[in-house]
Amino acid sequence: MNLILASSSPFRKQLLQRLRLPFQTVNPDIDESPLEGESHEAMVVRLACEKARLGAGNRKETLCIGADTIASFNGEILGKPLNHDTAVLQLKKMSGKEVVFLTGICVYSAALKQSFSAVVPTYVKFRPLSEQTIEQYLKLEQPYQSSGSFKSETTGCALIEYSKSDDPTAIMGLPLIMVCEFMRKAGLPV
């Protein structure tokens, strides 16, 4: 069975490598805009499943993994900032507050024509952040491709009071506990 990771994220690739299974990566090019009236949870699952199905293509004996992560704060999506100014605004907004990072995961079995999907939340409480702390962090990390300008796997851990999740890898974009469960359900022993 071929295993494909439908993601261009180097962090997701590194996480999947932990399972020591051979896999390929593809870059799924989809529209990530939310649908009208769609909840944040429904959006990340929908996008993860779209990526997984697109990544599988027409390959019959394929399992394809798709994932999507957003920061959800007071009903607002804090996506990838893409630039320094937006990152500063996001971090100031989250300073001293709890933010929910939602990771949608989907494992699509082309052979079964079935998707296994879920949302794994991570609750992150940010410390009060000074302008100097924000600037130092952004200079070091340049997290402009990370949801909510936050990278927990590096110096971002210094910005927070706590991180709570059922899966410690969810905040990094690929909840491996759930991925393993879904791969077993799809017939790939892990």
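Residues are numbered from 1 along each chain as its sequence is written, and side-chain values use heavy atoms, with hydrogens and water left out. Because the model is predicted, local features need pLDDT of at least 70 and side-chain atom pairs count only at pLDDT 80 or more, while totals for chains, interfaces and linings use all residues.

**View 1. The largest pocket and its lining.** The largest pocket has a volume of about 710 Å³. Of the 37 residues that line this pocket, Arg12, Thr69, Lys80, Gln145 and Ser147 are the closest to its centre. (On a 1 Å grid over the protein atoms alone, a pocket is an open set of points where a 1.4 Å probe fits, with protein on both sides within 12 Å along at least five of seven lines; lining residues have an atom within 4 Å of a point. The volume is the space filled by probe spheres set on the points, which are joined across faces, edges and corners.) At least two lining residues come from each of α1 (10-17), α2 (40-56) and β3 (62-73), and β3 gives the most, with four. Helices (H or I, at least four residues) and strands (E, at least two) are DSSP runs, numbered from the N terminus. By type, the lining divides into 17 nonpolar, 12 polar and eight charged residues. Here Ala, Val, Leu, Ile, Met, Phe, Trp, Tyr, Cys and Pro count as nonpolar, Asp, Glu, Lys and Arg as charged, and the others, Gly among them, as polar.

**View 2. Arginine 46 in helix α2.** Look for arginine 46 in helix α2. Its relative accessible area is 17%, so arginine 46 is buried (buried means under 20%, exposed over 50%, partly exposed in between, with a 1.4 Å probe and protein chains only). The side chain of arginine 46 reaches the backbone oxygen of serine 33 at 3.0 Å. Leaving aside residues up to four places away in sequence, arginine 46 touches Ser33, Pro34, Leu35 and Glu38 (contact means heavy atoms within 4.5 Å).

View 3. Three aromatic pairs are present in the structure. One of them joins phenylalanine 101 and phenylalanine 150, tilted, at 5.6 Å centre to centre and 40° between the planes. (Rings of Phe, Tyr and Trp, its six-membered ring, pair if their centres lie within 6.5 Å; planes under 30 degrees apart count as stacked, over 60 as edge-to-face and the rest as tilted.) Phenylalanine 101 counts as buried at 2% relative accessibility, and phenylalanine 150 does at 6%. Together, ring pairs link Phe101, Phe126 and Phe150 into a cluster.

**View 4. Serine 117 on strand β6.** Serine 117 lies in strand β6 and is partly exposed, with a relative accessible area of 35%. Its contacts, not counting residues up to four places away in sequence, are Val45, Cys49, Ile105, Cys106 and Phe182.

**View 5. Glutamate 32 and lysine 51.** Glutamate 32 is found in the loop between β2 (24-26) and α2. The side chains of glutamate 32 and lysine 51 are joined by a polar contact of 3.4 Å (a pair of N or O atoms within 3.5 Å; within protein, one must be able to donate a hydrogen and the other to accept it, and residues adjacent in sequence count only if both atoms are side-chain atoms).
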